[in-house]
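Take a moment with the chain before reading on. We will walk through it piece by piece.

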Amino acid sequence: MPLGGPYTLTVSFVGFQASKRSEITLDLGDHVKADFQLKEGTELEAVVVTSNSLTSRTDRLGSAFAITGKTIANIPTPSRNFEQLAFLAGSAYVPDVGQRNLGGFTMAGGKGGNVGYTVDGANSRRNVFGSTLDGAAFTISQEAIREFEVETNAYSVKNGRNSGGVIKAVTKSGTNKMEGGAWYYTGGASLSQSLSPTGAALSSVPAQAQYGVKLSGPIIKDKLFYFAVYDSYKTSPLTDPRTQFFIDYGNSSFTSATDANNFYGYKESDALAVLAAAKKKGYDVGETGNLVKDATTSNIFAKLDWNINSKNTASLRYNYLSYNLTNKGISGNTLSLNSLLPFSGVRVNGTNSSNYPFVNLDHKIIVDLRTQVSDKILNKMVFQFNTSDRLNNPKDNTQEPRVYVGVPAADGLQGGTVAFGQLTWIPEKVTSTSYQFIDDLTINTGGVTWTVGTNNQFYTQQERLAHWTAPVVMYANIDDLNNDKPSFYRQLVSEKLNLKGTQDWNLLELGAYAEAAFKVGENVDIEAGIRWDGWIQGGQVPSQNATLLNSGLKLNGKVLDNSSQLSSLNNWQPRFNATWDINGEKKNILKFGFGLFTSPITTQPITQTMYNDGVSTQQINYTNTADILKNVGAGTFADPATWLSARINPTGEKIPAGSSNVIMLDPKFKMPTTMRFNASYTHFFSDRLKATVTGFYNVGYNDNYWINANRRIVGTNPVDGRDVMGVANTAVKDVIVFTNADWTSEYLAAQLDIQARIGKDGMLSFSYTKATGSGVTVYHAGGVFDDAEYVGANYTDRFKTHFNNSNQNGVGDKVVLIFATPQIKGFNVGFSFIAAQQRRFSIVSGGNPNSATDRDLAYIPGQNELSAADKAVLSNVAQEVKDVLKSSEGQISGVYQGVYPWMYQTSASLSKRFSVGKYGVTVRTDIFNILNVFSSSAGYYKSLNSLQDDYYGRFITLYNYNAPKAATPTTAAVPANYSANANQGTYIRGGNPYSIQLGLKLDF
């Protein structure tokens, strides 16, 4: 039946009294069971039951997390984005505990980008990065969401293409009653905290505004209904905290600092010196501080529901999403000093760290038809059409180069680096069109309910990319900058693409499944089935790189062929669920399930193989001043008019031998698969209070990651004994292969859930999750610079046997408390508390000891190997870092071996509804990170100081590898050794300032 209600169920038989149950409401996934005992006689007996009791969801017990529409409205979320509620599930990883939505978060130990997303049964996951958002505040207005669910413990064959779990939402429909509303919310600016954790004034606090309208009702009573909503959210100016360090977070360490404005090892005086030198050369680099941008999300959702006749119902939905990131100033550039270039040891931070606009437009149409063929046969068909345009710098505005500052030496910037360029994401365009067809046929025969279905999706994608094509020029110090003496130059040269043409390719996802649901005895419900998925890539293929094919390089015993396309057709996935209602009283429920799940596709690896094929795009590296001046020239880098466009296809530049970088798919690539198990026990104290204990065990196979196939062992590091790597074939440079891990990953967790219904639509929910995991590779973009993945004792042991609980995988302890009251005299209260110890860190070494990577896991010297100065430095590090040092002394540390301190955030909302004639007026206040209201630092938690911070985790560069130096006529030989870095691994404050949001809503 369609979701909603209220429904009335009547059972009658000749000679017996009729029995009726009314006020039944169907929510997402409900299997409502109504028991009747008919008495002899003819008098009508009506029995009224309360809908939405906890016992109506026995098939979803375990750690499934579901919230109805009225409860969603009471829980505080800054942009009123229902997807942010997924962070309240015990098994979902919280990227920063704060309320930012990064998309692509993980559940139940699964890999980032492998979560499933559905709205009204259709896929809402973006195929490029595997998330639903690309900067937008929300994808569908929260006012359009009827119910929301995070599901990690139900193994239906309908759930496909996800590793750790699936997020589901269903939308509202119109009824015979005309209803509507309008709202306005404002926050930030003067309503937010103006002081940093140390009491210093914040340089800028952005303001937020959100407004919208909705209307629903009948077009033809009992026949045709409409529901429509418009919602807009704006942040101005957009603040990237990575550009605030010197102004807002000075002296933010819990311990004493040596400089009044010292953060992450940098000094404000260094920043100002770089700014002055850059401006003198003509660079418009802006200032330290905030990006000056407006970010606006606009959404239109419209829905028609049509009761065609007694056997057929249809629905038509349209969703429009626009995200516009626009400049407010002439230059939007700022000096983001914690961001170094990848070849200097740190991934670049900040998609929006330059002065270009960004536009994302989505159009989505969904049609579904439900047909009751007979009293035993039901068919549901869904068709979805979706277009998405992602435009970086759509008007091709002139771009200023970005600025990066290297790690300063003891005497300031002398010995460090200054770099300009690296306009990573512009000018780019990605246009994606997808078609999805789903058909589910349900047949009830002799006590068995059969489900047979298919789920297919076809993508077409057109891309114009600019990754790394803008040049990078580096100077050793400020004096060299002033004197035109660059020390390094890198550029990807694209003769074929030249940023005007597009790459066109497609991807077909096929799926088919069958399942039987039946009873064993009176109290055991069984669901058993099998699912198959297949992927086939078509369209454009990478250019054939003859040099690579003739070089003899092999991976897994097979000669590399960079023209491979993705295909994977052997993906059979058995599924099983059993639910035992002990004694048939709906008080004690045991549930068990297992299943194989094939992970979905993120298409960025396919993009990378076409763009970095070693033919249409090649890399130029010049590593000394003479080569740069000879081949590139001097004095032209500061001209904004020529910085980007004139260097896309440089003329007269000699491409050095062996400069080609090739990114490719493993010809034997397999789709990653996860085998998932769970068992749970639930006790119902009443139909409004339950407690559940759930155990999870997941094993992953064929996880995907990047590896550089053009590497060979050329020696051994004399200090720590690890492999030293060299180039296997000088005819090519890097050969980065997207391949499968030959080890498994594991996830083991226990979760306690206590949930209570309060009044008609209130709730109280508590969960505690304790989890551990190993072996999951981190999701990242790939590319020329992303091969550097945490090398340990040797280059090929990545992730193996390591306790790998990464930032993205979110494996660890978590506590969640949610409270939402029913409406009492017009008042509603909402509250959420999240505490998590899920972020982890690795201790890495600077200095590149094995010549293969920027992120070598550090060798931890023993006490007898440390100087007195090193011991003094290490005595000041955080206890969490000391724990790793103690356990790894005298050996190479492990991947993500350390655990960050607990992170937490508390938010609350209070609203009051007034009746004004036939209208209702609601006044609302939300406070995020409410503890900071009472004290400027109470809501901040301990975090760790680290130079190396990227999208996927923390890398504390606690040691530098000092390479050996040969003897000279005047100096003795210096042996290789490790030395400790100051200001690394110490405590700093983390978290967000408090923010107050005020709202006014009209409804009728």
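Are Asp120 and Arg317 buried or exposed? Both Asp120 and Arg317 are buried. Keep in mind that this is a predicted model.

Start with that pair. Asp120 and Arg317 form a salt bridge, and their closest N and O atoms are 2.7 Å apart. The two residues come from distant parts of the chain. Asp120 sits in the loop between β5 and β6, while Arg317 belongs to strand β15 (residues 312-327).

Arg317 has another partner. Its side chain also meets that of Asp368 in a salt bridge, at 2.0 Å from N to O. Arg317 is in strand β15 and Asp368 in strand β16, so this pair ties together parts that are 51 residues apart in sequence. Asp368 is buried, and Arg317 is too.

How many salt bridges are there? The count comes to 15. One of them joins Asp533 and Arg531, with 2.8 Å between N and O. Both of these residues are buried. Salt bridges can also link up into a network, as happens with Arg80, Glu143, Lys214 and Lys1001.

Now turn to the nonpolar residues. In soluble globular proteins, nonpolar side chains tend to be buried together. The largest nonpolar core here has 29 residues. Within this core, Phe65, Leu85, Leu88, Ile140, Phe148, Val150 and Ile167 touch the most other members. Several strands give two or more residues to the core, including β4 (65-68), β8 (166-171), β11 (224-236) and β41 (813-820). β7 gives the most, with three residues.

Look at Phe65 in detail. Beyond its neighbours within four places in sequence, Phe65 is in contact with Leu85, Leu88, Ala89, Phe148, Glu149, Val150 and Ile818. A second core is separate and holds 28 residues, among them Val844, Val884, Ile956 and Ala976.

Strands β10 (207-220), β16 (358-372), β17 (377-392) and β20 (428-445) each give two or more residues to the patch. Take Ile219, in strand β10. Its relative accessible area is 47%, so Ile219 counts as partly exposed; the cut-off for exposed is over 50%.

Ala144 makes a contrast. Where is Ala144 found? Ala144 lies in the loop between β6 (122-123) and β7. Ala144 counts as buried because its relative accessibility is 0%. Leaving out neighbours within four places in sequence, Ala144 is in contact with Val170, Thr171, Lys172, Phe227, Val229 and Phe301. Ala144 and Tyr230 are 86 residues apart in sequence, yet their C-alpha atoms are 9.4 Å apart in space.

Helix α6 (residues 604-611) has eight of its eight residues buried. Gln604, Thr607 and Tyr611 are among them.

Finish with Ser909, in strand β46 (residues 903-916). Ser909 has a relative accessible area of 6%, so it is buried. A polar atom of its side chain lies 2.8 Å from the backbone oxygen of Asn74. Not counting residues up to four places away in sequence, Ser909 touches Asn74, Pro76, Asn828, Val829, Gly830, Arg924, Thr925 and Asp926.

Methods. Residues are numbered from 1 along each chain as its sequence is written. This is a predicted model: local features need pLDDT of at least 70, side-chain atom pairs count only at pLDDT 80 or more; totals for chains, interfaces and linings use all residues. Side-chain values use heavy atoms; hydrogens and water are left out. Helices (H or I, at least four residues) and strands (E, at least two) are DSSP runs, numbered from the N terminus. Buried means under 20% relative accessible area, exposed over 50%, partly exposed in between (1.4 Å probe, protein chains only). A polar contact is a pair of N or O atoms within 3.5 Å; within protein, one must be able to donate a hydrogen and the other to accept it, and residues adjacent in sequence count only if both atoms are side-chain atoms. Contact means heavy atoms within 4.5 Å. A nonpolar core is a set of buried Ala, Val, Leu, Ile, Met, Phe, Trp, Tyr and Cys residues joined through side-chain atoms within 4.5 Å. A salt bridge is a side-chain nitrogen of Lys or Arg within 4 Å of a carboxyl oxygen of Asp or Glu.
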